[in-house]
Amino acid sequence: MSRHSPSIRRYLLNRTFLFSAIGFLVLLLVCRQAYQASVRDSAQEIARSVAESTFNSMYLVMSQGWTRLQLEQFMRQLSNTEHPASSLKVSVFRGTKVTERFGSIEQPDLDALMREAMQSGEIIEENDGTHQRYLYPLQARENCTGCHTNARVGDNLGLIEVRQDLSRQMSVANRNLLYYLLLLSPLPFLFGFWAVRTVTLRINQSVKELSNRISRVDSLEDLSQLSKDKKDLGFRELNHIFGQVEALAEKLRTIAVDKDLLEFEIRLLEKFVITSEVVRDWREYVNLLMLDINQVIPIYTMFSIFKVDDEMFDLEIFWLRPPAKETKKMMEQAVLNRLQGNDHFSIPGEIIIHHNSVQLEGPEMVLNTTEIELQTKSLLVETPKIGGIVGIGVHADIVKDSTKVLVLESILSTLLNVVGSVKAIYKYTRDLEYYATRDPLTNLYNQRMFWELLDYELDRCHRHDYQVALLMIDLDNFKAVNDGYGHAMGDKLLRQLALAMQEVLRTGDILARYGGDEFVVVLPETTLEQTSEVCERLLHCLQSFSLETEKGGLVRVTGSIGAGIFPDHADNRKDLFMFVDNLMYRAKTQGKNRISLPHKEDVADIFNDLNQKMLLVNDAIENRSVVPVFQPIQPLDEDTPAVEVLSRLQLPGDKLMSAGEFIEIAESMGKVHLLDYIVMEKAFAKVQETDYQGLLFINLSPRSILVRDFLQTLHELTQRYQLTPSRIVFEITERDTVKNMGLLENFVRSLKDSGYMMAIDDFGSGFSSFHYLKYLPIDFVKIEGEFIANMGNDPRDLAFVVSITELAKKLNLKTVAEFVETEEVLQMVRDVGIDYAQGYHIGRPAREMPGLK
């Protein structure tokens, strides 16, 4: 870049010569114009003088009484007069009055300009740059009327024309002007060169001084020397630049790194890769690392302390040389003092201390308390990511150098990574072995281990010919605990409840957490009677369990229990699990908080019922016997009417099966989206047939989110039946949606981008409802029916409904009240300001498109 940049001297010379040349040309042009103007003005004055002299001569001749012949000779002689030196020619022309009185003479015809001068009596001048023409009218005086009896005073008797050729004069003037200017032209260049040389010499001296000061900087320490010499550089601008250089030097001192430190950091980063050899011989690795560090920064000790178990800590102290006995004790105490009050370490606890010396030979290292305190206090990783702390011992003055502190922090990061990786590998290996089979929340067996243990027990049952019992426990209304007290309280309840249930089980019984609030129990070598006794103990355990909240309240929970025996009720694990699961749901439908034990007729009934429902779902899909029914949603203002589309299965005898009886089976079969397609197609056809113009609320199954062609199929159906997407409102429910919030958000936004509207169903039934309002583009809020139905009896439910309504209005959302069963509730819904009402008081689901009240 510098090879193409000119020097200041060359730059100034180039600009001086350029501006001198431009000035010379401008001066030449101005002088030339001024000189020519002066020549033209002089010629004009000469023409005027010649014309007046000629007129006066003519007047004098005529007043002396010359004969006509003498006068004509004088006029001819005057008209033909030329002045070669000045290229001046004078011509006299006879006017009309004279011609009428004395006759015409031979003369050139008058041109337009001459005629204008004769008529106006005004002097006219004409100049084209090199030729000048002066027209002087001859006006009659009092004495002229004696001879020119036909003229009056002021009449034009003739015209004097004075012509001048100025080209020769102009040429001579320009030549002389150029000659004199050329003689003077070297002067600006000489003065410019002298000025540039004087300025550049002064600038070069100042720049050289500035360059010398900067060139003396070879290291970060030299930067501080820049500001010590305050010599004036001769120019205010250069002094300002040097001031900026000093400021830059101060900044560099805080951010720059010496080459040695940088090279050391690079070598340190190269050792950052943790290999199996490093893990195996990590102490040797730290020893070598300590020797490398001492080549750049003198350090005496390094240490690390890691939590290897709940109440066990591992303290490793590395010394450059063997420490004295007192120094060891002081160092240990100093490290422990650093740990006091640290949330990551619950000291006191069992601490295993190891001392390592890098160099076994040499004098003992003796440090006093002040040095150790300064060393350990100065550099500590306060919030370790792997459950440990590392430290390093250095001189106090090193800590004052921010650059070296950064390097030391890099060293600490490497040390933390190495030592932490060793400890973490040991700890995480044990954890992986444990949590591969355990539920991390309750420490019970997880679902995967449950199936392995169940297979193991069923296999033993075949070999030893004994019975195995399987129990399924589902907590009743556990979601209310999470919603009312928060998930942290719910997790705490599950942990303590798991401990309580384990206490009532026998040794050898297997308790596992199947998922959520579901638990399974495997009872080896257990009869139905013994199973009943265990179920009673578990039910009593649930009924008597309580958990105290932070505010002093008690949280209670109950459960529904189903039980089955292998091989009495099923001959394989899948059928046994489905059998017990159905019995558990039977207990829930019978009122919850109870045990459902199998009877002889239950086996056939349950499996027949499951098989029939599966066959029914398959038949409904194959025969397209899914029936849409429509429940009205009444607008309470002047909004657009709406209906909710519900699914029913056609049964023999013109009976319909509600969605709650077959949706879960369809979802378990992975075919619920096929049912949704059939329902939507039939509902859209009905809308087209009846020319219904309102909104359609359609429940959206979470399985639809996972179906790739759902959006495409939906678009095809709306186009086929000529429905605008803005008339379709898809309902999502918190308790049914997928766990992947990002997937749900992308899916919902795709629907919104296509023009469809969205609603949250059962709003208020869980914490996630508000989460959906924040992250999903919602249009409608359907308020949980339990709040609507009870708001006339419970002021808390009323307050909740009012709060939701106000929130929806602020977010520009429409509200729908569910479970409107009476006129009283409908009136309260109106008073609150809810936009729509839905419930049996408004209308029951029907096959035909309903008329709205």
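## Tyr179 and the nonpolar patch

Tyr179 sits in helix H5. In this predicted model, Tyr179 belongs to a nonpolar surface patch.

Two elements give two or more residues each to the patch: helix H5 (167-184) and helix H6 (186-215). H5 supplies the largest share, 4 residues.

## The open sheet

An open sheet is built from 5 strands. Their order is E11-E12-E10-E15-E16, and the pairing is mixed. Strands E11 (510-515) and E16 (595-596) form the edges, each pairing on one side only. Strands of a sheet pair through backbone hydrogen bonds, either parallel or antiparallel.

Inside this order, E10 (residues 468-476) and E12 (residues 518-524) run antiparallel. They are joined by 7 bridges. At Val468, the residue standing opposite is Pro524 in E12.

## Helix H19

Helix H19 covers residues 573-589, which makes 17 residues. From first C-alpha to last, H19 reaches 24 Å. That is close to the 24 Å expected at 1.5 Å a residue. After H19 comes Gly591, with a positive phi near 125°.

Which residues of H19 are buried? The list is Leu576, Phe577, Phe579, Val580, Asp581, Leu583, Met584, Ala587 and Lys588. An α-helix has 3.6 residues a turn, so residues three or four places apart point the same way.

## Cysteines and disulfides

How many disulfides does a search of the whole structure find? The count is 0. A disulfide is a covalent bond between the sulfur atoms of two cysteines.

Cys461 has a relative accessible area of 4%, so it is buried. Cys541 also counts as buried, because its relative accessibility is 9%. The cut-off for buried is under 20% relative accessible area.

## Glu361 in its loop

Glu361 lies in the loop between strand E8 (350-357) and helix H12 (369-378). Is Glu361 buried or exposed? Glu361 counts as exposed, because its relative accessibility is 68% and the cut-off for exposed is over 50%.

Glu361 and Pro322 are 39 residues apart along the chain. Their C-alpha atoms are separated by 7.7 Å.

Key. Residues are numbered from 1 along each chain as its sequence is written. This is a predicted model: local features need pLDDT of at least 70, side-chain atom pairs count only at pLDDT 80 or more; totals for chains, interfaces and linings use all residues. Side-chain values use heavy atoms; hydrogens and water are left out. The expected span of a helix is 1.5 Å times one less than its number of residues. Buried means under 20% relative accessible area, exposed over 50%, partly exposed in between (1.4 Å probe, protein chains only). A disulfide is a pair of cysteine sulfur atoms within 2.5 Å. Patches are made of residues with over 30% relative accessible area and no salt bridge: like charges are joined within 9 Å, nonpolar side chains (Val, Leu, Ile, Met, Phe, Trp, Tyr) within 5 Å. Accessible areas come from the Shrake-Rupley method with a 1.4 Å probe; for residues, only the protein chains shown count as cover. A salt bridge is a side-chain nitrogen of Lys or Arg within 4 Å of a carboxyl oxygen of Asp or Glu. Two strands pair if DSSP finds at least two bridges between them.
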